[in-house]
Amino acid sequence: MENPMVLSNEIRQSVSLSLARVRKSRGLSLSGLAEASGIGKATLSGIEAGRGNPTIETVWRLAHALGVPFGELISQEQDQLVESSSTGVSVRLINKQSSPFVIETYVMDMAPHTKRTAEAHMPGVEENVVVLKGRALTGSQAEPVFLTAGKSCSFAADIPHLYQSLDEQTSMMVSVIYPTLAEAAPGEHDIHREWPRSEDDWSGLQQQFRRLALESRQGVSAVRLSFTDCEDPLGAEQQLLQNLQPEAPGMQTFYVNEQGPKLICLSREGSHALLDEEPLDNSRLQQALELSNLAVSPWRQLDEADRAGLQTLVQSDSICLSSLAAEVLTRNGSPCVPLRAAPRYEVTPVVQRESDNVLFEDRIDVDGYAAWELVHPAYAKQSVAIAQQLHHYLAPGATRIIDIGTGPGLPLKMLLELLPELQVTTVDPSETAFNHLQKLFRHSPNVHSCKTSITDLPAPERPFDAAISVGASHHLDTLAFLSATRRQLSRDGIFVVSDEMISPFSTIRQRKIGLMQHHLQYIADTLVPISLTDLPQEEHRLVHMLRQDVPQALFEALSGDESRSEYRCRRLLERLHALTLSEQPADPLQVFYRFHILELEALVAGLDYEVEQKTSPDCFSDLARAAGFSVQHHCRLYATCGRTDRDAGTHLFVLQAL
């Protein structure tokens, strides 16, 4: 017989107290948890309020959706009865350990002829079952294993599985083993060697490292070089830097110390598009185009005069030119922060909303976004590329444009520095973004702001000459976003879109890997060196955690260990959110590390598929055609992973309304 498993009263109370705490610590809304678990919002709300009566299968689904051990929702204590015996099954938590692995051990008692099916747990979970009394079938639902008393089996529990007694009372001990950051078994991407001690040892390591650099340039995605028997782990990094000179074309090298010294060697794939520098009648746009290309042209060497000129531009009143000059210097080994990127962090008061729709600010720190996002790779380049396309496509005198998903408004501010004649209507539903927009454009009569979603905006009596959007298409259903924008334009109207996209995918696993590779690469490209000597303790911890965990997570994503990479990213973000950081960074270069928190927030929200719904360039093109556009132009402004324009990075599209 099959029965729903009813929780005991004590466990129901524990679930009620734990569910909201865990959900909120993950930053997940009720709507997001409903989507991830398939359990209705009303049911979830009732469980959190203590009114619900969930079954054990419901709690398993919630634990799976939240990515936490089952025991974290049911109890913090051992020897707790989980299910009542009235269903023919009772389960008691008898042990819970957290080091070196998270393992929960239960005793399950089953009446004769009782069958319990279990849904797949989170990726990487394993179970070990020992039959203590009676006989049972257990394991995957497709191929269960027959066990008698004293026999055991282990199986992957991230697929549907079952426990079934036969013709007698049966007891079994079930251990649920969760994935951790404990070191994985060596794989094809790992090289292990002893720490060099002699001059000849170092010479051999140098030769090996040169081969790794060559292989990386030729396409080997990731290698982890681990050292054993290092007598001076505190001085290991300096010794490696002195002896290896790890800066190599086409390869990024990171030092980490997790269970011993390691070098993470990652292939830096993909080229960034150069913008056409044809002579223009707009001198500021011309200068911005040249700076945009200089930032992604490694063959152009900067001399002292170049660097001095760029340092002067960093202090420019132009946000666009300051940001471009800072990026050129950063990418050429002199980390630099744009003048506008380090204001005092401004907190927008929380406003109660009538709608329960999930907005960008529910998962991403929009105030932080307004303060730190200028150091995002190619951030200013997007505005330059859009200005170039508008300059090319707009007819003389056509200046009325609509900006979809304007956010705090810095890309628009940069665009208007290049094309000040534009008359712009901004559209964004975020209260926090609207607050920043109002302040940024309070002296700009040519900017009119609408606090609404593009999908709620009616068609205008007079269509706009063009539409633009920077980094917003993936915050909505992309087809709805495109279709709603098409209604704002007349036939042949131009829509210029710049946004982040990931490599093509057809499965959830591929999408997750693509998301992690994409976001982590932006962070890896901006893990700038910074002196830790005079930093406050919390900022020191911020830098240390990011420099240790991001290279490892990116290595794991590139080498196909997506479960471990996802676990590491989620844990890292939780630890970063627990820091108490000052509103003003102690060191200007800390702005990069504040930006990294935003990037991790976007990554985790993307894994939850909440306010971050990135697709691939090919899929975006297809959806644009379905919404009534033709694709006139496409390029990859900044490459994160993959070698073609169809792969991940910051993309620019020019669409024409049909």
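**Exercise 1. State whether Phe620 is buried or exposed, and describe its aromatic pair with Phe653.**

Step 1. Phe620 has a relative accessibility of 0% and therefore counts as buried; buried means under 20% relative accessible area, exposed over 50%, and partly exposed in between (1.4 Å probe, protein chains only).

Step 2. The model is a predicted one, in which local features need pLDDT of at least 70 and side-chain atom pairs count only at pLDDT 80 or more, while totals for chains, interfaces and linings use all residues. Residues are numbered from 1 along each chain as its sequence is written, and side-chain values use heavy atoms, with hydrogens and water left out.

Step 3. Phe653, at 1% relative accessibility, is likewise counted as buried.

Step 4. The rings of Phe620 and Phe653 form a tilted pair, 4.8 Å centre to centre with 45° between the planes. Rings of Phe, Tyr and Trp (its six-membered ring) pair if their centres lie within 6.5 Å; planes under 30 degrees apart count as stacked, over 60 as edge-to-face and the rest as tilted.

Step 5. Phe620 belongs to helix H20 (residues 617-626) and Phe653 to strand S21 (residues 648-657), so the pair ties together parts that are 33 residues apart in sequence. Helices (H or I, at least four residues) and strands (E, at least two) are DSSP runs, numbered from the N terminus.

**Exercise 2. Describe the aromatic pair of Trp195 and Phe227.**

Step 1. The whole structure contains six aromatic pairs, as a search finds.

Step 2. Trp195 and Phe227 pair edge-to-face, with 5.2 Å from centre to centre and 75° between the planes.

Step 3. Trp195 is in the loop between strand S11 (190-194) and helix H6 (199-218), and Phe227 is in strand S12 (residues 222-228), so this pair ties together parts that are 32 residues apart in sequence.

Step 4. Trp195 and Phe227 are both buried. Ring pairs also join Trp195, Trp202 and Phe227 into a cluster.

**Exercise 3. Determine how helix H17 packs against helix H18.**

Step 1. H17 (residues 537-558) and H18 (residues 562-577) pack at an angle of about 165°, and their axes are 8 Å apart. Axes are lines fitted to C-alpha atoms, for helices over the stretch in contact, and angles run from 0 to 180 degrees between N-to-C directions.

Step 2. This angle makes H17 roughly antiparallel to H18; angles under 35 degrees count as roughly parallel, over 145 as roughly antiparallel, 65 to 115 as roughly perpendicular and the rest as oblique.

Step 3. Among the residues that meet are Leu542, Met545 and Asp549 in H17 and Arg568, Cys569 and Leu572 in H18. Contact means heavy atoms within 4.5 Å.

**Exercise 4. Locate Glu417 and name its contacts.**

Step 1. Glu417 is part of helix H13 (residues 410-418).

Step 2. With a relative accessible area of 17%, Glu417 is buried.

Step 3. Apart from neighbours within four places in sequence, Glu417 contacts Arg284, Asp317, Ser318, Ile319 and Cys320. The C-alpha atoms of Glu417 and Ser318 are 7.1 Å apart, although 99 residues separate the two along the chain.

**Exercise 5. How many residues of helix H4 are buried?**

Step 1. In H4 (residues 56-66), nine of the 11 residues are buried, and the helix is mostly covered.

Step 2. The buried residues include Ile56, Trp60 and Leu66.
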